[in-house]
Amino acid sequence: MALRHQPGHHIDGILLQLRRVPLRSCCHEVSSFPETNPPETPGRIIQPGLEPRRVRDLATLEFLTGAGNIDILGPPGVGKTHIAIGLAVAACQAGKSIYFTTLDDLVRKLKAADAANRLPRQLANLMRPSLLVIDEVGYLALDRDEANMFFQLISRRYEKGSTIITSNKHFTEWGTVLGDDVLATAILDRLLHHCDVLAINGPSYRLKDRQGLVTPVEAPAS
């Protein structure tokens, strides 16, 4: 879909265009978006370090053609999930099937399936979407069994289906998050082979009016 140019670094102005078609009218298979929608006011999220052109280029969905991936990295509140949802909606509008999940929910479902001897079937189901969005990688640490299930999913989708990952952790920290450096390396090897990395460094839009409450105050000199 064609996107109009938006001046400055206003991510919302781009993503609002991606969200004009109601979600339920364009998704064809499975999707599970969070209840809270991104802000609908253009310009609400402003990240000086992020080029709007990067988001517009990704919104062409060319990465889906070659089963490419997108990793969106940055601290909390900079718009990672916001961008991931906008791209997923664009994929819906293009007739692609999508599935959205947090890593925590994903692992919980995989563990339940494994306990019921249905893990292969659950992994096969997660191969169906053209685009899989896994949100909040890094907020909660995984044990080795959970990391192994995550690896099995990423390995199966490698070069077969696109995945968008959002994470508050740099790739060098994934060994700690996944509880195993070898598994982390194997996962990143597959994710990053055909991948666009979007690194966002900026202030939290949730805390933009409350910085004084979270910014440490220097102690007075004695």
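A salt bridge is a side-chain nitrogen of Lys or Arg within 4 Å of a carboxyl oxygen of Asp or Glu. Glu146 and Lys111 make such a contact, with their closest N and O atoms 3.0 Å apart. The pair ties together distant parts of the chain, with Glu146 in helix 7 (residues 144-157) and Lys111 in helix 5, 35 residues apart. The model is predicted. A search of the whole structure turns up 5 salt bridges. This briefing covers several of them, then turns to strand 4.

- Glu146 counts as buried, because its relative accessibility is 12% and the cut-off for buried is under 20%.
- Lys111 has 38% relative accessibility, so Lys111 counts as partly exposed.

**The Asp180 and Arg144 pair**
- Asp180 forms a salt bridge with Arg144, and the closest N and O atoms are 2.8 Å apart.
- This pair also links distant parts of the chain, 36 residues apart.
- Asp180 sits in the loop between helix 8 (174-178) and helix 9 (181-191), while Arg144 belongs to helix 7.
- Asp180 has 13% relative accessibility, so Asp180 counts as buried.

- Salt bridges with shared partners join Asp104, Asp105 and Arg108 into one network.
- Within it, the side chains of Asp104 and Arg108 meet at 2.7 Å, N to O.
- Both residues lie in helix 5 (residues 103-115).
- They are 4 residues apart, about one turn of the helix.
- Asp104 counts as partly exposed, because its relative accessibility is 35%.
- Arg108 counts as partly exposed too, at 48% relative accessibility.

**Strand 4: burial**
- Strand 4 (residues 162-167) is mostly covered, with 6 of its 6 residues buried.
- Ser162, Ile164 and Thr166 point one way from the strand.
- Thr163, Ile165 and Ser167 point the other way.
- Both sets are buried.

- Strand 1 (residues 69-73) runs parallel to strand 4, and 4 bridges join the two.
- Ile72 stands opposite Thr166 of strand 4.
- Strand 3 (residues 131-137) also runs parallel to strand 4, joined by 5 bridges.
- Leu131 stands opposite Ser162 of strand 4.
- From strand 3 the chain crosses through helix 7 to strand 4, in a right-handed β-α-β crossover.
- Helix 7 also holds Glu146, the partner of Lys111 in helix 5.
- Arg144, the partner of Asp180, lies in helix 7 as well.

Technical notes
Residues numbered from 1 in each chain as written. Predicted model: local features only at pLDDT ≥ 70, side-chain atom pairs only at ≥ 80, totals over all residues. Heavy atoms only, no water. Buried < 20%, exposed > 50% of the residue type's maximum accessible area, 1.4 Å probe, protein only. Pairing = 2+ DSSP bridges. Right-handed = clockwise from strand over helix to strand, strands pointing away.
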